Every structure is written in C-alpha cells, then in structure tokens.
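Hi,

Here is the structure I promised to pass on to you. Have a look at it first, and then read on for my notes.

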Amino acid sequence: MEPVLSIRDMAISLPPGADRDFAVQDISFDLNAGEILCVVGESGSGKSMTANALMGLLPDQVEVARGTAHFEGRDIMALPESERRKLRGDRIGMIFQEPMTALNPLMRIGDQITEVFEAHNRHSPSERREKALALIREVGLPDPDKIIRAYPFQLSGGQRQRAIIAMALALDPAILIADEPTTALDVTTQAQILDLIKTIQQRHGMAVMFITHDFGVVAEIADRVIVMRYGEIVEHGTASEVLENPQHAYTRALLKAIPTDSVPTPDPVTAPPVLEVRNLRKTFVTSGGFFRPTRSVTAIDGVSFSIARGEVLGIVGESGSGKSTVGRAIVRLVEADSGEVILDGQDMNALSASELRSARRRVQMIFQDPYASLNPRKKILHALSEGPIVQGVAKDRAHARARELLEIVELDAGAAERYPHEFSGGQRQRIGIARALAMDPDLIIADEAVSALDVSIQAQVLNLLRDLQKRLNLSLMFITHDMRVAAQLCDRVAVMQHGKLVEIGPVAEVFLSPKADYTRSLLAAVPGTDWLEGAA
Amino acid sequence: MIDFLKRFSRNRGALIGALILITVVLLAVFAPLIYPDSPWKMVQRPFLPPFSTEGLPLGTDTLGRDVAAGLVYGARVSLIVGLVSTLVALLIGVPLGAFAGFYGGLIDDGAMRFTEFFQTIPNFALAIVLVAILEPTLPTITLAIAIVSWPPVARLVRAEVLSLRKREFVEAARLAGLSNTRILFGHVLPNAMSPIIVMASLMVATAILLESSLSFLGLGDPNIMSWGYMIGAARTVIRSAWWLSFIPGVAILLTVLALNLIGEGLNDALNPRLARKGR
C-alpha cells in the first residue's frame, strides 16, 4: 500500500545550550491511509516535536535540520510557508492536548468551525453553517443548534475536545495528528473520545498519528506503534507485536512499569484508627457582589471514613469529585464547614490557629507538582529541616536527620546542599516524601503524588512509597485518579463522585466485585483493560 | 550568581548602560576632588562656549559659573535623590503589597483602596503640591518623589504574592507549622524579588526625571546645584546659548537611558526563560 506520509531521516535541531543537540534524529517512518499510528514515549522523547515539525509549529530557534516528509507527492519540509499554510487544516488536521486552552474563549463554537472553511475559502456562508452543524452532529455533541452558538466556557472538557475534533475534521484531511488528546481528560471521558477518534478514522479512512505516553491507550486504538526515546525511534511494529513481544529493552521496561490490575490481597485491618473523619462537609461559595448571584459548589458532601495505623487508604475519583478537597480539609488548608477530623482522639477542626500550628506536624502532605512544591530559592537541607526546627528540634539534630532521610529516599546525601532546580521530577518527588517524613507524622496524605511523573519514574516512586510504608509502618492516604495506581498500593479504596463517598472497601472487593454503578463504569473506562487482562 | 552575570553581560545594551552609570557614579563620588571649589562660584566671564577656554571644557553659564563643575555636582543630587526615593518607595510599597496579597480579604481591600487614592492623583501634580507645601530641601524633595512613586510597587508585589501564596511549597511550609510572617518573608517574598529589582532600577530613572523637572520649575533645593536647575536657569537664553540647556539635558538623557538599559538587562538575566525566546 502506498503510504500517505513518509518521513525519511528527519532531524530537528535544538538551540545551543539545550541538554542535547537534536530534539529528534534519524526519524524515518511511513503513515498509511486508514491506520492509527501511535507514537509512544516519555516526556522529552521528542514525540510532540515530530508532530509539530510536520505542522510547521516548531518553537523559536528549533528547526528541522535535515530530512524529508513526503505527503501527496511533495516534500512538505521544503515547501514555502504559504504553501504549508494551505495544507494546515485542509489536508492535515491537528488535535491538541489541552481542550481548555485550544479554543478561543471569545468565539462561539460554530464560528470557530466555520472559520476553518473561511480560512481556506470554501463554501458560501450559509453552507458553512450547515457543514458546521453536520460536523457538530458527527462528533456527537448534544443539541447541535445550541452548541453552535455556545462559548467554550459553557462546555465541559470532553465536549470541548469534541468541538476541536470537529474543527480538525472540517475539511476532511488526509492526516489527523492528535497530540495527547486525552491526557487532560477524566478516564470515562477519555474512553469516549478514544472511541470517537476511532469511529471517525474508520468512517473517513484517514491516517491518524496519535501521540501518547500511555500504553493503555495504545492497546485501545493503535494499529501500528512507534516507541521513541531521547529523540530516536527504538522500536517500530504492529500493535500486537510491540505490546506482546517487545524487542527493545526500553519498550520492555516501559511495559513492565505500567501498574497492572492484579490486585494484592492485603491483610485485614485490625489496628486502631489513626484518623477518623465524620460527616465532613465543605461548600465553596463565590460571593457575587452587587449584580451577580452567589454561586456555590458542594465539594464534600457528608464524607465519613477512617484510616487505621499502618494502613493505606486510596481515594479515587475523577476531577471535581472532591477527593483533593477532602485531603486538604483534613490538614486544614481548606476549612471545612462542618464535621469532625479526629486524629488520635483530638478534633483537628476544633483547634485554634495557634494550637493548629503545633498540631500540623502530625499530618503531612506529599504534593502533586514536583516543580511547584519546593521553594526554588532554598537548599534541600533547608526544605527538610525548617519544619522540625520550627517545631523545636535542635538545629544539628534536624540537619543530621535531613541527611539521613535523603538516604532513606535513596538520594545522595550531597543532595542536601543543592537547589531544587538541579533535580529531576522523580528526584524532587523523593525530596517531597523526605520532607513529609521529616516531621515524623502520624499520617501522610499523598495528593496525586505520582500523577505528574513518567510511567517508569512513577513505578520507582511507587516502589519507594510501598517500601517505606511497610518499613516505617506509615499510615497513608493516597489520593489519585488512576485506578491502577490505587490498586497497586492501597489496602482499602474509597471511590468518590460529586463530593460523596460512593463505595469504600478492601481493594480486591472494590476492583473485582464493585457494588456501585459508578465504580463499575470507572473500571470499564480504564484504557487497555482487555489487553492487560489478556496478558495477566 | 556567576550564571546571572553571564546572562547579564550577554545583553550588550545592559553592559553599555552599566558602563555609563559607573562613569556617572565615579564622577559624582569624586566631585570634590575634581572640582574642589563650589559649583556656584563665578570663575570667568559668562557665556563662554564649550571648548573655547582652557580649564573650562564646557564653558561658563549665564553668571560665569563652570558648567562642568555644575554637571559633576548635579550628578550627586540626581543619584542620591533617585536612589533614596526609590528605597523609601520600596519600603512603603513592598510591605503594603505583601500584606495585602498574603492576607487578602479586608486587609487587601483597605490597602488597595489606599493605594488607588494615590494613583488617582497625577504623579507630578502631587509632587509639586508636596514640595510647595513643605520647604523645598533635598530631604523633602526625595520624600515627595517617594510618596508619588510607591503605588505601582505595592500593586506589583501584591500581584506576585497573590500567585505565589497558592503554590504548593507555601502550603508545605504552612503544614510544617511555620508562622504567617515567617512564610511571607522566608518563602514568598524572596521568590518575588526579581520583578521588584527590575522595577526598582526603572524607578531610579523616573525619580531622576522627576527631580530634574521639579528643579527646572524652580522647586528644587535652592542651595544645591542640580541638572534640572541648570536647564531651568539657561532656558531664557536658549536662543543665544543653547548649549547651556543642552549639556545638562544630555546628562539626564544618558543617565536615564543607562538605568533603563540596566533594567532591561536585569529583566532578561532574572527571567531567563522569557529572554531567550526568538532573538
């Protein structure tokens, strides 16, 4: 079969002073009509750069150094900008990662779709409107007549992604490039969007280049797979070859790092509870001022649970389910409206501000974003010892303990004298763990602690957390949106939806015989479920 | 630090600015050594053009005073007023903005309405009124300039603090049981330093301009030779002896330009991610 797009020996150069000379090099592959090609790799592997080079969207000072990309008989890398502009949106469409920022917030959805026709001088205005309506219908947006006049802020994340897909489809392109289009979405929405991309691809017979970091997604939709690392293609083959019989060591490592669904059978919990949360409630109220009505959102709606000493409780839910707010309300970064948070017999919610400051030691948090959670202007030693020193630990002892903790989280003791920017994301997350341990807490709350990390790093940090938890008998509350991660680490799992606790129980029970419908739909939506079950 | 110097020196404009400023500072510091006599002293007959008489490279003014001496002593006034008024403005603006941003709510509302009160009055008019009410001396002029220039500082610091206080490292500090003041001064403000430094360097430049404008209008300290006064005194003779206004004008231009160049260089050096793009 004649490939739609064939890339030969492409290299993209980075500006001097970057960590390597080429973002990608020696890239050669074909994209065939009617297939979905998944480009998989961890962050920094150059997968997005490849897509941006095809679209002519490379950032400043980054340029294609050599190589060709033949598309419909021409080398698009050699075309002048005006010719490439004609291709964009017409013959090659693109879907972006962030549905929240990829649409112009001041334009109606219908206008954004018709603008594509306008830019390429197609159809009369009334035809454009008809076509836009048809597209909106095709991507499965509800109530097309309303949606066409809606502004992006009136749509949910999944609906916006559908609108963007409609724009990309407008001129029936030969190639659709999708750059992590489902990464920012919740798992149930992700499943729907993946489904949509697949049906559309089949209906239009397009070639789709799908960029992702998630092998579950690959298993779900890919016909062929390219695995990239450090800007080079390390493995290339059909989906079943790569997933079932990976040749390259890196692919094998990546596949191994994926948390599996195999659920461990934890020992029944017998220890007394460290934390008891009773009937916690929180409603966020935005005051409207003179002319606007006040808006209120119920984040936590009467949640009760307990965590035993040495137990790991997972809290899973989609974004907006209130799972993070629960964690923050326990440590009182958010003040709950009512309810009790009893820690060793003491109600945290009833403490005064000064009592709270000394009680804070007892519950610590590990944050999501390893780049924002450390003060960029303070040395690691300072980050690890400031808290204990404020709580009255002698300076020498706090410093000695900080160095000891760095070793516990498997970092070099020399790390103490360095600044956060000298560490990678995974290393910073280890420092975050050490900082939580430094306070010698009764309970640690990990809020999406591994979500921002690449899958291989994620596996390492999860291993570390599991080790530490066993060794130090930590009580852990693990908040995550990722069902697989929760299954790996937790003894019990609580599922949250719309601020309520839908289901709580031992992992095996929740995952293997879920009682609530919502839990069942969450589990079914996890990409690659069939493939993993087949493998297990 | 070395990294910072390297990035700063990569900007050629900033280097030139730094050179000009260093020259001006050296002249100002060593003024009494170069010209031991008072700049007010008459040394020759009036209206000598530049480069016409030996020992008087820039000639004499309407009363026969040495223009070069006036220029050098004027640099002292400009720099002192610029620096001190900026420091005072920072001392007012930084804490006010920091508390407003950090505590929010009523404190924020109060502080910002107070700031807006000053922002609604035109800078220069307020400075004139203040100097006119108080006696025009060096300290009162400096104070007047500081009073009209702190509001933007307060707003900038408030905006920075507002975004920083939501960061996770601040929450981590709060969980460690740190007091609010310690979080504000130990964790939040140090991270807001870069834009404050850049703004301060530009504020010195505007303060110099303000001082010159005040002295030009005759609201300067009558006992101190300054650039603005020199231009103001020479404006009646601008048709016959244009250089008497031109020379101090160039001095103001160069100093202000130098400070602006430095400000931009600092901005590039302190925010490397913004600076590197597309040059």
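A definition to begin with: a salt bridge here is a side-chain nitrogen of Lys or Arg within 4 Å of a carboxyl oxygen of Asp or Glu. With that rule, two salt bridges are found across the interface of chain B and chain A. B:Arg182 forms a salt bridge with A:Glu386, and their closest N and O atoms are 3.2 Å apart.

Some housekeeping. The model is predicted, so local features need pLDDT of at least 70 and side-chain atom pairs count only at pLDDT 80 or more, while totals for chains, interfaces and linings use all residues. Residues are numbered from 1 along each chain as its sequence is written, chains are lettered from A and ligands numbered from 1 in the order in which they are written, and side-chain values use heavy atoms, with hydrogens and water left out.

Back to the interface. Taking contact as heavy atoms within 4.5 Å, 21 residues of chain B touch 26 residues of chain A. The area buried between the two chains is about 2100 Å², with carbon and sulfur atoms giving 51% of it; buried area is the accessible area (1.4 Å probe) that two parts lose on being put together, summed over both. On the chain B side, B:Glu168, B:Glu171 and B:Leu175 lose the most area to chain A, together 31% of what that side buries.

Now chain B by itself. Its secondary structure comes to 13 helices and zero strands, where helices (H or I, at least four residues) and strands (E, at least two) are DSSP runs numbered from the N terminus. Its C-alpha atoms fill a box of roughly 75 × 45 × 35 Å along the principal axes.

I also looked at how some helices pack. Axes are lines fitted to C-alpha atoms, for helices over the stretch in contact, and angles run from 0 to 180 degrees between N-to-C directions.

In chain B, helix α4 (residues 67–103) and helix α9 (residues 180–191) pack at about 110°, their axes 11 Å apart. That makes α4(B) roughly perpendicular to α9(B) (65 to 115 degrees counts as roughly perpendicular, under 35 as roughly parallel, over 145 as roughly antiparallel and the rest as oblique). The contact includes B:Phe99 and B:Phe102 of α4(B) and B:Leu184 and B:Phe185 of α9(B). By class it has ten nonpolar, two polar and no charged residues; Ala, Val, Leu, Ile, Met, Phe, Trp, Tyr, Cys and Pro count as nonpolar, Asp, Glu, Lys and Arg as charged, and the others, Gly among them, as polar.

Helix α5 (residues 105–120) and helix α7 (residues 138–164) of chain B have axes that come within 9 Å and cross at roughly 145°. Among the residues making this contact are B:Met112 and B:Phe118 of α5(B) and B:Trp150 and B:Arg155 of α7(B). The classes here are eight nonpolar, two polar and four charged residues.

In chain A, the axes of helix α6 (residues 157–169) and helix α7 (residues 187–204) come within 10 Å and cross at roughly 15°, which makes α6(A) roughly parallel to α7(A). Their contact involves residues including A:Ile165 of α6(A) and A:Leu196 of α7(A), and has six nonpolar, four polar and one charged residues.

Enjoy exploring!
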